[in-house]
Amino acid sequence: MSTLTDKHIVLGVTGSIAAYKSAELVRRLREAGATVRVIMTAAATAFITPLTLQALSGHPVRQKLMDPEAEAAMSHIELARWADAILVAPASADFLARLAHGLADDLLATVCLASQAPILVAPAMNRVMWESAATVENCATLRRRGAVILGPGEGEQACGELGFGRMLDADVLAAQVATYFGDAELGGVRVLITAGPTREALDPVRYLSNRSSGKMGYALAAAAAAAGASVTLVSGPVNLPAPRAVDRIEVQSAEQMFNAVMALAPECDIFVGVAAVADYRPVHPAANKLKKKNEEMHIVLEPTADILAAVAALSQAPFTVGFAAETDHVSAYARSKLRDKRLRMIVANRVGEGLGFDADDNALEVIWDGGEQQLARAPKSRLAEDLISIIAERYHAESSTEDSGSAHRA
Ligand code: PMT
């Protein structure tokens, strides 16, 4: 197992019969080198005593938000800052709902809200609760914001049912936390992603744009951060919050996106262009609001610079991945973009039928020199996780080939 030496873990324990496994979990995390401070919700204390977790962690167990004595020793904000990671195990359905909705109605939820550390949750609940639409949506929201969901496992449950909902065993969870820090798929890798549309001004109040919502690019940024990467997201105007642990730079126009990306690209290892960048912009945007006249209006457009091609053409180009949104000949057009823009990988998506632009679902065809993989229709947050795994695998495969002296740049 990878080491957790010097890592500060806040372990949140919520109300579930699986709370008895938290005692073993504290031991496993400490064996791996972590310092563990435990926060219990009121419901958790019905299943396991604070004294047990205090004895095993070597620190007083925090339970209440309004506790003058405990706050004097280490305030909840200090605790939130102290954490390198917050692991909630077991995470009940109720806690996942409160976390997804940003509630701060007890100490654990408040520390999660006040911390910038990664949040890992190990759900534990009856299988019907796990499969309920509310829990599925809450987990999708959490994933989108960058939380890592560990499990749950499948098997016989305390309630006698069979199915998914069991909290993963303590040694598996401790190993997964260690993996997150040590051997995460993209641990230590710098990833730069563009997302959303751009706006090309016609005058001070009008612009040319497109229907990109940013959902695909934001999901990818969240998945890359969850895979351990240090992520910068250059985003066009969208109505989405920045995913957890992602550095967001907001831009409006293709030119601003180009400048932001080109300043950052030499310092990144992987670049993924998910943004729907305008291909053309008005040559002469009006300084004042255009007035309506009873005659045809002609707007002269000029091409914008191609950000993806410019990144791929850098002398020390990062592993460059493009997206291609097509209505027809999806695979053929994507392959020609892979070749023409000299990319390492292209991700094709068909638009329409509830997929692609401004949709919650997508279906992807991932193509690289010598291989391809289909990702069937699924929510963008789920697809993003699979796509990040493919990108990580190809990136590492190419890096090791280059290290061994047979570098190949497409
Ligand atoms: O944002 P969502 O609503 O979730 O929708 C997601 C998406 C459909 C926008 C996304 O999955 C997608 O396919 N993005 C690429 C959209 C597109 O139209 O690409 P394109 O064929 O115009 O460009 C191909 C590639 O070149 C893209 O990686 C694009 O970012 C890049 N490009 C294009 C023009 C330009 N001036 N600079 C670029 O970098």
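I began at the ligand, where one of its oxygen atoms is 3.3 Å from a polar backbone atom of Lys 215, and I counted this as a polar contact, that is, a pair of N or O atoms within 3.5 Å (within protein, one must be able to donate a hydrogen and the other to accept it, and residues adjacent in sequence count only if both atoms are side-chain atoms). Before going on I noted that this is a predicted model, in which local features need pLDDT of at least 70 and side-chain atom pairs count only at pLDDT 80 or more, while totals for chains, interfaces and linings use all residues. Residues are numbered from 1 along each chain as its sequence is written, and side-chain values use heavy atoms, with hydrogens and water left out.

I looked up Gly 214 and found a polar backbone atom 2.7 Å from an oxygen atom of the ligand; for Lys 380, a polar side-chain atom lies 2.7 Å from a ligand oxygen. The protein covers 95% of the 780 Å² of accessible area that the ligand has on its own (Shrake-Rupley method, 1.4 Å probe; for residues, only the protein chains shown count as cover).

Shell. I found 28 residues around the ligand, the closest being Ser 212, Gly 273, Lys 337, Asn 349 and Asp 358, where a residue is near if one of its heavy atoms lies within 4 Å. Which element gives the most to this shell? It is β16, with three residues, while α10 (215-226), α12 (307-312) and β16 (319-326) each supply at least two; helices (H or I, at least four residues) and strands (E, at least two) are DSSP runs, numbered from the N terminus. By class I noted 12 nonpolar, nine polar and seven charged residues in the shell, with Ala, Val, Leu, Ile, Met, Phe, Trp, Tyr, Cys and Pro as nonpolar, Asp, Glu, Lys and Arg as charged, and the others, Gly among them, as polar.

Salt bridges. I noted 21 in the structure, each a side-chain nitrogen of Lys or Arg within 4 Å of a carboxyl oxygen of Asp or Glu. One of them joins the side chains of Arg 98 and Asp 94 at 3.1 Å, N to O; both residues lie in helix α5 (residues 93-100), four residues apart, about one turn of the helix.

Backbone. I looked up the peptide bond from Ala 89 to Pro 90, which is cis, with omega near 0°, and placed Pro 90 in strand β3 (residues 85-91). The bond from Gly 151 to Pro 152 is cis, with omega near 0°, and Pro 152 is found in the loop between β5 (148-149) and β6 (153-156).
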